[in-house]
Amino acid sequence: MKKRKLSFLEIWNMSFGFLGIQMGFALQNANASRVLQIFGADVHELSWFWIVAPLTGLIVQPIIGHYSDRTWTKLGRRRPYFLVGALLASIGLILMPNSDMFTAFMPALWVGAGMLMIMDASFNIAMEPFRALVADILPSDQRTLGFSIQTVLIGIGAVIGSWLPYVLTNWFNVTNESAVGEVPLNLLLSFFIGAGVLIGSILITVFTTKEYSPEEMKLIYEAQGEVEPEEESSSLMNIFSDFAKMPQTMKQLAWVQFFSWFGLFGMWVFATPAIASHVYGLDITDTHSKGFQDAGDWVGILFGVYNLVSAIYAFFLPAIAKKLGRKKTHSYSLIVGAIGLLSLYVLPDKNWLILSMIGVGIAWASILAMPYAILAGSIPARKMGVYMGIFNFFIVLPQILNALIGGPMVKYLYNDKPIFALMVSGVSFIIAALLVSKVNDVDDTVVTNN
């Protein structure tokens, strides 16, 4: 049995839940540092609070991938996981900016950090089953299109999430000022709206997408020469043996992912204090001023720009990959992103930073699509979920490292100038681009010139 080709609309609906996931993820990325600073976090401590996010991903994603490979319910194989993940993430979105409600039990800062952990764990529960769903359902020659459409929807959701606080303030006159220790109303409403969109978009995917049945998947495995042993244990210990047996292509992509995500994490954590101090000329400890809130809102606009660019660029990725090959496409995109990050240091004012974010958006689109398109062809189909989860190791480990050393580097190495954390992110992108050439793309079926 062969997998049938899907129409564009079917692929779009299959990935539509990613719009809501990424809207929530964008709200977290653009505003979590600001919220934590409002609750009292020092700029040098931000990366330590963020460490809970990749740590939960390190633990959660392989487990979710392992069990999603073995789950068969009325909702299917992958859909139960991203539905539950969306519900939990929505709770985190609602409660994080309201962490001061729990000060009778513990400081708002610690509650906020806990909500960040819940949100990121929940996004992890939802994201990787979505990646595996594309690989499960689409034939090889549609995978690049499938992951590119995911990237488009990720971009659209992220633009909405990133711009929402700015739009509420500047278009609808929702205040971005608040008392000391309180989150502004524009942020509160943004997080509430994000939670609602997240649930709604996930439900669209759940009700419009049909997964292959266990019997159909067995026939597909057999057609691909992958007959699953009936006696295979479902023990979690299999994750460790699967890790030891990971394909060579996956090992090569691991280093590309490491440096790509080390750079991304540094940008997400330090963008607000870096731009507030380097571009706006503000004291990075004055987190309650109108100027700091304006800088934070502008960072949301900038993050929206790079996500908008990624959504547009993702439409062209299949054609570019067909012309250049997936490896060259990814390498060149990372270099453009590096130039964008490095240019933040020299551009004269906040409006020019939009140009930098165009480059970052090109890299972001490729990071979200190309590694997965390359990886999917090297993974046994019956192990798609667990290997997608294990692949997440190479996303979260660099974030954990950056979380541990990022704050001390800003304080002791960069002399309290977080803009240099973004410069290191640019250099990290360059290293990732160089390492792409070492990757063996074993299933480059859409590429005519590699």
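Predicted model: local features only at pLDDT ≥ 70, side-chain atom pairs only at ≥ 80, totals over all residues.

Reader: Which residues line the second largest cavity?

Author: Here's the list: Phe-262, Phe-270, Asn-402, Gly-406, Met-409, Tyr-414, Ala-421 and Val-424. Helix 11, helix 16 and helix 17 (419–435) each give two or more residues to that lining. Helix 16 supplies the largest share, with 3 residues. The space inside comes to about 70 Å³.

Reader: How many cavities of 30 Å³ or more does a search of the whole structure find?

Author: The search turns up 4. The largest cavity holds about 240 Å³ of space.

Reader: Which residues lie nearest the centre of the largest cavity?

Author: Those are Phe-25, Asn-124, Met-127, Trp-261 and Ile-395, out of 23 lining residues.

Reader: Now helix packing. At roughly what angle do the axes of helix 5 and helix 8 cross?

Author: With a pair like this, read the distance and the angle together. The axes of helix 5 (residues 79–95) and helix 8 (residues 185–208) come within 8 Å and cross at roughly 170°. Angles over 145 degrees count as roughly antiparallel, so that is how helix 5 and helix 8 run relative to each other.

Reader: And which residues make the contact?

Author: From helix 5, they include Phe-82, Leu-83, Ala-86 and Leu-93. Among those on the helix 8 side are Phe-191, Phe-192, Leu-198 and Ile-202. Sorted by class, the contact of helix 5 with helix 8 has 15 nonpolar, 3 polar and 1 charged residues.

Reader: Zooming out, how many helices and strands does the chain have?

Author: It comes to 17 helices and 0 strands. The chain's radius of gyration is 21 Å, close to the 22 Å that the globule rule gives for 450 residues, so the chain is as compact as a globular protein of that length. Along its principal axes, the C-alpha trace spans about 65 × 45 × 40 Å.

Notes. Residues numbered from 1 in each chain as written. Heavy atoms only, no water. 1 Å grid on protein atoms, 1.4 Å probe; cavity = no way out; pocket = protein on both sides within 12 Å on 5 of 7 lines; lining within 4 Å. Points joined across faces, edges and corners; volume = space filled by probe spheres on them. Helix = DSSP H or I, 4+ residues; strand = E, 2+ residues; numbered from the N terminus. Axes fitted to C-alpha atoms, helices over the stretch in contact; angles between N-to-C directions. Parallel < 35°, antiparallel > 145°, perpendicular 65-115°, else oblique. Contact = heavy atoms within 4.5 Å. Nonpolar A, V, L, I, M, F, W, Y, C, P; charged D, E, K, R; others polar. Rg over C-alpha atoms; globule rule 2.2 N^0.38 Å.
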